[in-house]
Amino acid sequence: WDESADELVLAGTMKIKEQSAADSDTAAYGQLWVKTATPNTLMFTDDTGTDQTLASIGKSIALSIVFN
């Protein structure tokens, strides 16, 4: 965490443990998570609980995440 820039900075890869569903929803926050489907699926859940598939095997994705 870079406090001076108020941002998360990563080098290399990021590992996210798979789970069957998103956690509880929180107003004004989204969730990025990996669904336990076969194959695993990268998911985004908005603050209303709507799940969206971002990527799975056979799909390509360009992803930019901005944390406010």
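Which residue stands opposite Met43 in strand 4? I looked it up, and Thr53 is the one facing Met43.

**Ground rules.** I am reading a predicted model, where local features need pLDDT of at least 70, side-chain atom pairs count only at pLDDT 80 or more, and totals for chains, interfaces and linings use all residues. Residues are numbered from 1 along each chain as its sequence is written, and side-chain values use heavy atoms, with hydrogens and water left out.

I traced four strands in an open sheet, ordered 1-2-3-4, with mixed pairing. Strand 1 (18-19) and strand 4 (51-55) are the edges; each has a single partner strand, so one side of each lacks a neighbour in the sheet. Strands here are DSSP runs of E, at least two residues, numbered from the N terminus. Two strands pair if DSSP finds at least two bridges between them. I found four bridges between strand 3 (residues 41-45) and strand 4, in the antiparallel sense.

**Thr41.** I placed Thr41 in strand 3. Is Thr41 buried or exposed? Thr41 counts as buried because its relative accessibility is 10% (buried is under 20% relative accessible area, exposed over 50%, partly exposed in between, with a 1.4 Å probe and protein chains only). A polar atom of the Thr41 side chain lies 3.3 Å from the backbone oxygen of Pro39.

**Leu10.** I found Leu10 in the segment before strand 1. Leu10 counts as exposed because its relative accessibility is 51%.

Terms used
A polar contact is a pair of N or O atoms within 3.5 Å; within protein, one must be able to donate a hydrogen and the other to accept it, and residues adjacent in sequence count only if both atoms are side-chain atoms.
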